[in-house]
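Me: I would like to learn how to read a structure of this kind with care, from the whole chain down to single elements. Could we go through it together?

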Amino acid sequence: YGTQNINENGHLTIGGVDTVELANSYGTPLFVYDLELVRTRARGFIETFQKLGVKAEVAYASKAFSCVAMYQVAQEENLSLDVVSGGELYTAIKSGFPAERIHFHGNNKSYAELELAFDTKIGCIVVDNFYEIALLKEISEAKQQPMRILLRVTPGVEAHTHDFITTGQADSKFGFDLNNGQADEAFQKVSDHEYLQLLGLHCHIGSQIFETDGFSLAAEKLMQKIGEWNEKFNFQCTVLNLGGGFGIRYTEEDRPLEPQVYVEEMIKTVQAYCAQLNLTMPEIWIEPGRSLVGDAGTSLYTVGSRKTVPNIREYIAVDGGMSDNIRPALYDAKYEAVIANKANDEKVSTYTVAGKLCESGDKLIVDAPLQSAESGDILAIFCTGAYGYSMASNYNRVPRPAVVFVESGQHQLAIKRESYEDIVQNDLPLTIQKGE
Ligand code: LLP
């Protein structure tokens with residue numbers, strides 16, 4: 001993946017930096033991000049739109065992985081941002097990210113979160129439900145401040161990796177149903193408001209998708225509705241946001257398309273509709289998360305204990321686990337790995353990589369083909385850049401790992417490792433008197 005290589009010592013390198021040295025100097029578990037690969041992915045999306053002459057915003061879905069330095073990389077690469085909470089918004093603003101390129105998502109944004117969005121003057125709020133419309137009216141009127149909005153709709157298209165399902169009514173906690181009048185009602189509620197400026201529609205049909213059909217079908221459904229509102233109410237749609245979900249290759253079984261292909265297909269569909277309905281081509285916004293940072297991230301662990309279950313399997317245990325990567329336990333997600341200090345050796349062994357958390361389901365990889373492993377080896381698990389650190393927890397009071405960025409032989413700490421002090425910093429001593 002990206003700038004990965006093997007050096008003269010047989011060590012895995014990323015961005016020209018020896019991962020074994022990174023493990024030694026920063027400790028393990030450690031997330032290593034290949035910034036060059038993040039930049040390549042970002043440019044891939046942006047240049048596709050440019051080549052086709054379509055106005056666009058490529059918003060990084062920062063739930064995949066965020067921190068101040070990551071937001072700064074996103075800014076350098078001219079990405080916009082999708083944030084989904086006050087915490088992500090606050091971090092983005094702290095990092096100096098231009099507020100006008102921030103889009104705010106969420107199915108239950110609080111009054112305080114929405115106020116923060118107004119006060120920081122972000123570019124757009126993606127409105128999810130009727131309660132939110134009421135809050136937005138109240139806040140914008142109180143502040144006498146305009147806000148650009150998109151309506152999030154559920155088109156009844158749901159994509160899962162290779163196939164998609166279409167339903168008349170989507171059973172989703174997100175958005176206004178496109179097919180049962182909810183979206184029309186939301187349109188009526190916001191369309192002539194003094195401060196809310198409706199730009200267009202948003203949908204997100206799923207994650208880790210390998211085909212373009214679901215996106216095309218969703219685009220078609222949204223464009224039909226836009227055409228209908230144009231005809232009935234002379235609505236001018238300026239933005240169509242088709243969400244994220246572009247798949248990446250975790251293991252050999254995954255066969256994603258080149259990211260550009262998804263974009264080209266979406267554009268074709270929308271252009272065809274605009275021609276047919278005589279509409280102006282809207283800007284196309286997308287929200288890739290995983291496909292920007294997923295394969296740029298590698299987790300480094302130190303191998304500790306081992307256990308043989310005779311005739312069944314051999315376990316090697318590492319110094320992290322479901323606390324820094326919950327995806328295998330939660331989604332049965334699959335990964336590939338290598339022993340970073342023996343990267344040139346043949347993969348002659350098969351190990352199940354166990355985490356150190358007190359839960360038998362805490363296994364990072366089941367039956368991984370690997371180089372023969374000993375305690376003290378450094379294990380590298382690939383493609384952990386999305387939804388790894390961002391979903392990390394302190395289960396078992398395990399401190400969260402450090403995150404390091406590498407590029408062209410340079411490395412820097414992007415997030416410090418948590419300490420035991422950090423772990424207890426919000427704890428307060430018992431003051432309630434024990435009863436008799
Ligand atoms: N836009 C919206 C509205 C979303 O809900 C999501 C992801 C994205 C964009 C970005 O999707 P991506 O390009 O990263 O697939 N924790 C799960 C994935 C949850 C995705 C949630 N929404 C996992 O680890 O697979």
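Reply: We begin with contacts: two residues are in contact if their C-beta atoms, placed from the backbone, lie within 7 Å. In the protein chain, among contacts between residues at least 6 apart in sequence, 68% join residues at least 24 apart. This is a predicted model, in which local features need pLDDT of at least 70 and side-chain atom pairs count only at pLDDT 80 or more, whereas totals for chains, interfaces and linings use all residues. Residues are numbered from 1 along each chain as its sequence is written.

Me: How does the radius of gyration of the protein chain agree with that of a compact globule?

Reply: The radius is taken over C-alpha atoms, and the globule rule is 2.2 Å times the number of residues to the power 0.38. With 436 residues the rule gives a value near 22 Å, and because the protein chain has 24 Å, the two agree. Along its principal axes, the C-alpha trace spans about 70 × 65 × 40 Å.

Me: Which residues of helix 2 are buried?

Reply: Helices (H or I, at least four residues) and strands (E, at least two) are DSSP runs, numbered from the N terminus. A residue is buried if 20 or more other C-beta atoms lie within 10 Å of its own, exposed if 12 or fewer, and partly exposed in between, with C-beta atoms placed from the backbone. In helix 2 the buried residues are Leu 35, Leu 37, Val 38, Arg 41, Ala 42, Phe 45, Thr 48 and Phe 49. After helix 2 comes Gly 53, with a positive phi near 65°.

Me: Which residues are closest to the ligand?

Reply: A residue is near a molecule if its C-beta atom, placed from the backbone, lies within 6 Å of it. The ligand is surrounded by 19 residues, of which Ala 61, Ser 207, Gly 244, Gly 289 and Tyr 387 are the closest. By class, this shell has seven nonpolar, eight polar and four charged residues.

Conventions:
Ala, Val, Leu, Ile, Met, Phe, Trp, Tyr, Cys and Pro count as nonpolar, Asp, Glu, Lys and Arg as charged, and the others, Gly among them, as polar.
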